[in-house]
Amino acid sequence: MKPPHDMGGNPSHPIIPDKPDDKKFEEAWHRRVLGITIAVGAMGAWSIDASRYARESLPRSDYTKFSYYEKWLSGLINLLFQKGFINKNEIQSGSGDSIAPLEWRNRVLSLKNVGAVLSAGAPTRRDGPKPIFSIGQKVCAKLPLDTLSIKNGHTRLPHYISGKAGTIIKSHGVHVLPNTNAHFLGEHPENLYAVEFKASVLWEQNPSSSDTVVVDCWESYLEAA
Amino acid sequence: MPHDRDENHVHNLLPAEPALRVKALETILLEKGLLDQQAVDAIIDEYEKRIGPQIGAKIVARAWSDPAFKSMLIADSETVLREAGLAGRQGEHVVVVENTNKVHNLVVCTLCSCYPWPLLGVPPAWYKSDAYRSRAVSEPRKILSEFGVDIPKSQSVRVWDSTAEIRYLVLPLQPKDSIGLPVPELAKWVTRNSMIGTGLPLRPVGD
């Protein structure tokens, strides 16, 4: 059974486009979640990959029910708990038991560093080996299950391309591998490629269609076709 | 299903009502000295007031009016945007994809909601919706028609699923009526959706 966050190709509702006067944040608490998530993330205790995994490993019933910022919020609470920043008693009482260790408080994002943190981001490009695959080469996407580092772990290989053949159209260089990094198992940087799949191959329809879907795939997600 | 019944999930111990849940978390973090409220306010302020699609629109307008800049942008967007100070959080590695008479590009993130924040700001609700994440890869032309965009058969639709840390920005086709306008005027034609691929550039209201 594919996990609930892996939505590509699912049947779903029509889109409701926004209107020009729609607010950037629909609710006041949305912006608090955004600000707190970024501020806490800047302490450097986890990566974007760990954050994503915290959101997508929420119980299925919560993942499907929660809005975008509710997923952020609950993922953040669980990460803070798992990494020992807050304890169960504090969560149950809604109040801090004690001041955090100085080592952590020293890493808290201060007002004067906000600009620098936002404009630096967290680049994932690394030095690494030469690519195995070349542009124009035919490749086949593996099963998501076969790319996991731990049971029920994180991968960025969506089910809808699994077992399908596509063509490498671009090499993005070497990037941190989410499959290990999400679980604090190291960055294990790998070559990353843009792989183009024909819509007719993915969806078994419109054999004459020239439409395509491009998916970014790490080298270990692929095998030569 | 990952970790459904394990000890890693404590989020439901806080109030279910999200406004109360975030308030409770903020209180805990402040009491522990793990959060600076002024920093949180400053982050919100940046995304609410400063970072938005007008930034991406300026890049597109410049590319339309300066062929040398456009070539550099398409060849190596990452370097061009870094030098312009626009390669921040969630836009560290941007690839610009150009619409032509043969190809119309559309951007999605099926696995979460990745989006080029430093160029377009916070993503709109529809971009984060289950409907868009589910259908953009399998029925892009239907999605486009729901946005009022009809792509002729002579143009292929190429959907970019942002599964990695590469963020995609669409460089839309320049409307004929806008050719020759100065960059600040051109930027007004560039809609947010035209840079995601769910829209086309539009004549500014009142022009």
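Is B:Lys32 buried or exposed? Select B:Lys32 in the viewer: this residue is buried, with a relative accessible area of 5% (buried means under 20% relative accessible area, exposed over 50%, partly exposed in between, with a 1.4 Å probe and protein chains only).

Before continuing, note that this is a predicted model, in which local features need pLDDT of at least 70, side-chain atom pairs count only at pLDDT 80 or more, and totals for chains, interfaces and linings use all residues. Residues are numbered from 1 along each chain as its sequence is written, chains are lettered from A and ligands numbered from 1 in the order in which they are written, and side-chain values use heavy atoms, leaving out hydrogens and water.

**First stop: B:Lys32 and A:Glu90**

B:Lys32 forms a salt bridge with A:Glu90, with the closest N and O atoms 2.6 Å apart (a salt bridge is a side-chain nitrogen of Lys or Arg within 4 Å of a carboxyl oxygen of Asp or Glu). B:Lys32 lies in the loop between α1 (18-31) and α2 (37-50) of chain B, and A:Glu90 in helix α5 (residues 88-93) of chain A, so the pair joins two chains. A:Glu90 is also buried, at a relative accessible area of 1%.

**Second stop: A:Glu196 and B:Arg158**

Here the two side chains meet in a salt bridge of 2.7 Å, N to O. The pair crosses from strand β4 (residues 190-198) of chain A to strand β3 of chain B; helices (H or I, at least four residues) and strands (E, at least two) are DSSP runs, numbered from the N terminus. A:Glu196 counts as buried at 16% relative accessibility, whereas B:Arg158 is partly exposed at 24%.

Select strand β5 (residues 212-218) of chain A and strand β3 (residues 156-161) of chain B, which pair in the parallel sense over four bridges (two strands pair if DSSP finds at least two bridges between them). Within this pairing, A:Val215 has B:Asp161 as its bridge partner.

Select A:Asp49, A:Arg52, B:Glu165 and B:Arg167, which are linked in a network of salt bridges. In the bridge between B:Glu165 and A:Arg52, the closest N and O atoms are 2.7 Å apart.

**Last stop: the whole interface**

Finally, display both chains. In total, 101 residues of chain A are in contact with 91 residues of chain B, contact meaning heavy atoms within 4.5 Å. Across this interface the rule finds nine salt bridges.
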